[in-house]
Every structure is written in structure tokens, then in C-alpha cells.
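This report describes a protein model for a reader who is new to structural description. Please keep the sequence and the structure in view while reading.

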Amino acid sequence: MILENGTIRTLDPSLPVARALAIAGERIAGGVGTHETALASPETVDLGGRCVVPGLNDAHVHFPTWALVQSQVSLDGARSLEEALSRAGAAAAALPAGRWLRGHGWRSGDWSPAVEPTRQALDAVTGDRPAALIAKDYHSLWLNTAALAAANGDLEIEGGVVERDAQGEPTGVLREESAWRFKDRHMLTSDEEYLDAMRAGIELAHTRGVTAVHDKDGWLGALRLWQRLEAEAPLSLRVLQSVPHEQVGELRALGVRSSFGSPMLRLGHLKVFMDGTLGSQTAWMLDGSGVRITSGEALAEIVRRGAEAGFPVAVHAIGDRANREALDAFEATQDVWRPLGLRHRIEHAQCLAPEELPRFAALGIACSVQFSHAPSDRDLADRYWAGKTDGAYAFRALWDSGALVANGSDAPIEELDPLAGIRAGVRRTIDGRPAWHPEQAVTVEQALQATTVNPAWLAGDEHRRGRLRPGFLADLAVLDRDPVEDLDAQVVATMVGGRWVHNPPPWD
């Protein structure tokens, strides 16, 4: 196949732009834009001035969770408690009797007037139907009285927060470990429900140019789900799967190392949480506020155990204290992991003290960030991190320091839509307001690299995908225009391994 009469952005420094692309089987043929005639009787596709870029890679997505919430009530964007309750009440009324109401996306910091959610408020619109609504940052859970009763008072756990009223009774809001344990114990979802949602989710991801994801839902057994999908039909999405760090002993005993798997589904890294989030005010900060989930000393031990088992570590760190402790742990253990070439990463790296900025590049620790979080979180950051936002979502400073920056969505916290993320990274605004800390904006070319080349490197795939060069896999997205010239480009079609997985040509 030859794709011609368009702009090919290869992301390969040796030939950044070409006019045509030759594909043979699942790979790009020898010669991009120069040796197309070497193919025997090729099919020719007229791009009609469109643009081709490498397949888009979401470097941080909770894929099964994101797929599942597509069918749940969304509270995202609600500007008041009343609006959130109105949506929840309408959804509850439409459900069959006995079904839990599930939803996601609320953020009380966005509500006006300022108020925190309570079980009593939710009771008023849901009655005795159990209701569980996950916050936008996925670190808080809002329950009504019927749902709260399922725990029979067993709510407290180390690393968790149970919000209580003046009488000491639970308000209905659980945070961090308390929220996650409740979800694991009482909000059960069958494998079949997940699988149905994931099938639809893969198709939706392809409409957005996505050809690969780094899935962070290892904690809920996502590897099992992906394996079932791969067994029933060839996967059309490349998946790098995280696993909970608590399972490193079993992995080592089995002799299973990072990168084990198939061409489409492989094990990636151990996932660790240092702290909570900005929205839940549980980020671990240097001023002593927030929630510490893992200490620096404990992380160092996890890194050592991971190295012994052949696994890099991906550590969630939001607050400036969490990031400092994580970097300290990687520095203290580098004699163990550096000779093995393990590619460690800090997820989010949202608030950094100035002295931490150069340490990522110096240590070789990647920044797995979400460009869309900066404009989405700006108001909360200005409120909760006043005086510290010069080091918040500092994507350009990290890039200029020489750190490897990979872009994801953290879906369902933000939407799984890489082009929207790229626009957010370049514009630093999503709502028409002036750019927030515009000095931290990245260029379009940098944003594309962070969404194609760099995630492939983190997955150990830098020699087979991420760029459009001879011998690489033909994973690509066709856009209606060149994003470097017009940032509002949209996806027209998507190809994985030389096969169209969304909207094959011809196009109008």
C-alpha cells in the first residue's frame, strides 16, 4: 500500500516530513517517500492533502475503568451540588429496581456555592437505592446511606480517610485507601461487564487515533481481561500492562519479567502510589499536608525488589513531598537498577519544588504526565497550591531540562483523546481563558513526540514503533489536516500493523 498526496510527519529526525508512505504487510516498507515503486502492484491511497502521524499512544489510562464508565452517569463539569444531584437523580430514576447507581466525575472544588457532598444530600435523590459516585480524580467516593450500610461500619484503613460530621458520623465521603477498599469489596463488576465495555472502548479509542495504551488497571486484574479478549480475537490495540507492586514476589517466583507477553499485550511495570491527589487535598506536600501512602524508604525497597524481578517501577506522585521522596528513592537505589537498564517513571509529577526539576533528567527517571490536567486543574491548583504553581504541571521546564516526557490522559479522569491532550499541552487552556502559566506550554512537535515516540521508548519498543520509518510497524493515524499548521486537526482513520481499524479509505 502507498499513502500519497499528503503530509507524512514521521517523527524521525532523519526525514521529518515526507509526501508518501509505503507499507508492506504490517510494516513500513524500505524507503519513506522515495522507494514506493519497489512494491509489487501496490494499492494506492490518495490522502487528498491529509496528514499522517504515528499512531497515538496514551501513556497512562485506566482502560477497563474508562470503558466501563462510558455507560455510567457523568458528573463531570457540574458547577454546583444541585447540578450534580439533578444528574444523579435522573439517572437513578431510569435504573431497574435493585440496581446500584454508579457514577463518576464530581469535583466539589468546582461547585458554587462551596459545599462538600454528603450522604443525606444523595439520599434525597436516590432513596434507598445504593449509590456510589467516584470523584473526578478517582481518589474519593461519595456514598449514600444505603451504600454506606454495605460496609457495616468497617471503613477505617491505614492510608485512608473517612470524612465525619460534628457528631462523628460518616458524611458519606471516603478518600484514598478507604475509598478503594470499599470499591473492591462492595462495588463488584463481573468480567463480562468489563469485557463488553472494553470491546466498545477499543473501537472508541481507535476513532481517536489511538493505537497503543499503557494500562494502569493492573490492580483490578486487567491482565486477565486483556488475555480473554486476545484469546477470542486478535487484539487491535497494543497494551502495556501495569501490575501492582505487591505481586512482585509472585512474578519473581515464576520468573516472569517485564516485557513478557505477545506482540499486542505485554507486562510493563510495577505500580506504586506515594500519595493522593490535588482535588481530594490528599497530595503529600512539603508543608506536611496530604496523605502519605508509601514512604520514600518503602519505595526504595520496592524498587530493589522490582529490579531483582526484572521490573521497572511507575510511581504515582502528585505533591512536592511525594515527588522528592520518589526521586530520593530512585537515587538511593540506582546502583541496583541502573546496570539493568530499567526505565522507571513518575506518574503525574504535578507539583515540584524548584530543586527537583533537574533531577529527573539527571537520574534518568521519565515523567509520565497528562497535558490535559494543567488547564483542567488550574483553579484548584491556584487555590490549594497558592504560591507553588510555578512548579506545577511544569511540562516545558521538564522537557528543557532533558527529561523524557510522555503524555497520557489518566482516563477516565480526563477523556481518552490524545489530540485533545496535545491541544491542552500547547495552548495551556481549554475554556477560552488566557493560557495558564504559558511559559510551561510545549510545542506541537514536542507534544506529538510525547504522545508517540516517548511512550514507545518507555515500553521498550523504540526500535519497532513510535515513528514512521522503514522496518517499523505500520501503526498510524490519518488526520484531516497537519496539526503543526492547525492544532484543531481531527482523526480521519487509524491503522494498526498495516490494517485499518477505523474508517478505511476512500474518504470523501
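## Terms and basis of the model

A nonpolar core is a set of buried Ala, Val, Leu, Ile, Met, Phe, Trp, Tyr and Cys residues joined through side-chain atoms within 4.5 Å. Buried means under 20% relative accessible area, exposed over 50% and partly exposed in between, with a 1.4 Å probe and protein chains only. Helices (H or I, at least four residues) and strands (E, at least two) are DSSP runs, numbered from the N terminus.

The model is predicted: local features need pLDDT of at least 70 and side-chain atom pairs count only at pLDDT 80 or more, while totals for chains, interfaces and linings use all residues. Residues are numbered from 1 along each chain as its sequence is written, and side-chain values use heavy atoms, with hydrogens and water left out.

## The nonpolar cores

The largest nonpolar core comprises 71 residues. Those with the most contacts inside it are Leu 299, Val 313, Val 315, Ile 346, Phe 360, Trp 385 and Tyr 393. Helix α9 (residues 296-309) gives the most to this core, with six residues. Apart from it lies another core, of 26 residues, which includes Val 61, Leu 68, Leu 220 and Leu 416.

Contact means heavy atoms within 4.5 Å. Leaving out residues up to four places away in sequence, Tyr 393 touches several residues, among them Leu 278, His 373, Trp 385, Arg 428 and Trp 436.

## The parallel sheet

Eight strands form an open sheet with parallel pairing, in the order β6-β13-β14-β15-β16-β17-β18-β19. Two strands pair if DSSP finds at least two bridges between them. At the edges are β6 (56-61) and β19 (405-407), each of which pairs on one side only. Neighbouring strands of this sheet are turned by 25° against each other on average, direction ignored; such angles run from 0 to 180 degrees between N-to-C directions, and the axes are lines fitted to C-alpha atoms, for helices over the stretch in contact.

Within the sheet, β16 (residues 313-317) and β17 (residues 345-348) pair in the parallel sense over four bridges. His 316 has Glu 347 as its bridge partner in β17.

## Helix α10

Helix α10 (residues 320-332) has 13 residues and reaches 18 Å from its first C-alpha to its last, close to the 18 Å expected at 1.5 Å a residue. The expected span is 1.5 Å times one less than the number of residues.

Which parts of the structure cover the buried residues of α10? They include α9, β16, α11 (334-337), β17 and α12 (359-363). Among the buried residues of this helix are Asp 320, Asn 323, Leu 327 and Phe 330.

## Buried residues in loops

Asp 461 is found in the loop between α17 (453-458) and β20 (476-479). Asp 461 is buried, because its relative accessible area is 6%. Its side chain makes a polar contact with the side chain of Arg 465 (2.7 Å). A polar contact is a pair of N or O atoms within 3.5 Å; within protein, one must be able to donate a hydrogen and the other to accept it, and residues adjacent in sequence count only if both atoms are side-chain atoms. Leaving aside neighbours within four places in sequence, Asp 461 is in contact with Arg 266 and Ala 456.

Asp 410 lies in the loop between β19 and α15 (418-427). Its phi is near 60°, a positive value in a residue other than glycine, and Asp 410 is buried at 4% relative accessible area. Arg 428, in the loop between α15 and α16 (444-451), has a positive phi of about 60° although it is not a glycine. Arg 428 is buried, with a relative accessible area of 1%.
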